[in-house]
Amino acid sequence: MGDLTPCESFSEREHLLKLIYISSPYSGDPKANADKARIHSCMAVLQDFIPVTPHIYFPQFMDDTAPAGQELAMHMNLQLLLSCSEVWVFGTYLSTGMEREIKEAIESCITIRLFLKEVLPMYETKRRTKKLNGVSVET
């Protein structure tokens, strides 16, 4: 078989996973909210999506306590959001950052899914392991 062009190799992939942007509160109680965001991300993985959850990732190397850092982080968040197929919004409280993410998704015609009920108890009581391409993911 000859070399494949990028388009041919792309179309022959067995299963492409969609990117899902996870929008949930972070400020207020960053540790507890990051823990919840990790569970929301696992929920996406269990449904065969790739979660994009920058409020888990960026605080590991960025300081968003100053306004300039917050604005840079939000700018980066919105760039990531634009690469996603959907935005999943968790919780009944919308932070200022979440409002900006939702506004960007609406303006960009990106599907928004709302998860208004608390999903954590459901996933904490149904702990299970799922294999994704030979890698175990426990929630």
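How many residues does helix α4 have, and how far does helix α4 reach from its first C-alpha to its last? Helix α4 (residues 67-81) has 15 residues and reaches 21 Å, close to the 21 Å expected at 1.5 Å a residue. The expected span of a helix is 1.5 Å times one less than its number of residues.

This is a predicted model, in which local features need pLDDT of at least 70 and side-chain atom pairs count only at pLDDT 80 or more, while totals for chains, interfaces and linings use all residues. Residues are numbered from 1 along each chain as its sequence is written, and side-chain values use heavy atoms, with hydrogens and water left out.

## Overall layout

The protein chain has six helices and six strands, in the order α-β-α-β-α-α-β-α-β-α-β-β along the sequence. Helices (H or I, at least four residues) and strands (E, at least two) are DSSP runs, numbered from the N terminus. Of the 139 residues of the protein chain, 35% count as buried. Buried means under 20% relative accessible area, exposed over 50%, and partly exposed in between, with a 1.4 Å probe and protein chains only. Among contacts in the protein chain with a separation of 6 or more, 65% are between residues 24 or more positions apart; a contact means heavy atoms within 4.5 Å.

## Strand β3 and its partners

Strand β3 (residues 86-90) runs parallel to strand β4 (residues 111-115), and five bridges join them. Two strands count as paired if DSSP finds at least two bridges between them. Between β3 and β4 the chain passes through helix α5 (residues 96-107), and this β-α-β crossover is right-handed. A crossover is right-handed if, with the strands pointing away from the viewer, the path from the first strand over the helix to the second runs clockwise. β3 also pairs with β1 in the parallel sense, over four bridges.

The table lists bridge partners within these pairings.

| Residue | Bridge partner | Strand of the partner |
|---|---|---|
| Tyr 21 | Val 87 | β3 |
| Glu 86 | Thr 111 | β4 |
| Phe 90 | Phe 115 | β4 |

Five of the five residues of β3 are buried, so β3 is largely enclosed by the rest of the structure. In a regular strand the side chains alternate between the two faces of the sheet. In β3, Glu 86, Trp 88 and Phe 90 are on one side and Val 87 and Val 89 on the other, and both faces are covered.

Glu 86 is buried, with a relative accessible area of 11%. The side chain of Glu 86 makes a polar contact of 3.2 Å with the side chain of Lys 18 and another, of 2.7 Å, with the side chain of Trp 88. A polar contact is a pair of N or O atoms within 3.5 Å; within protein, one must be able to donate a hydrogen and the other to accept it, and residues adjacent in sequence count only if both atoms are side-chain atoms. Leaving aside neighbours within four places in sequence, Glu 86 is in contact with residues including Leu 19, Ile 20, Ile 110 and Arg 113.

## Nonpolar cores

Which residues make up the largest nonpolar core? Its 10 residues are Tyr 21, Val 52, Leu 81, Cys 84, Val 87, Val 89, Met 98, Ile 102, Ala 105 and Ile 110. The elements that give two or more residues to this core are β3 and α5, and α5 gives the most, with three residues. A nonpolar core is a set of buried Ala, Val, Leu, Ile, Met, Phe, Trp, Tyr and Cys residues joined through side-chain atoms within 4.5 Å. Ala 105 touches Leu 81, Val 87, Ile 110 and Ile 112, not counting residues up to four places away in sequence.

The buried residues of α4 are Gly 69, Ala 73, Met 74, Asn 77, Leu 78 and Leu 81. Their cover includes β1 (19-23), α3 (54-57), β3 and α5.

Helix α2 (residues 30-46) has 17 residues, which should span 24 Å at 1.5 Å a residue, and its end C-alpha atoms are 24 Å apart. The buried residues of α2 include Asn 33, His 40 and Ser 41. Just after α2, Asp 48 takes a positive phi of about 65°.

Ile 50 lies in strand β2 (residues 50-52) and is partly exposed, with a relative accessible area of 35%. Ile 50 touches Leu 17, Lys 18, Leu 19 and Ile 20, not counting residues up to four places away in sequence. Ile 50 and Tyr 21 are 29 residues apart in sequence and 8.5 Å apart in space, C-alpha to C-alpha.
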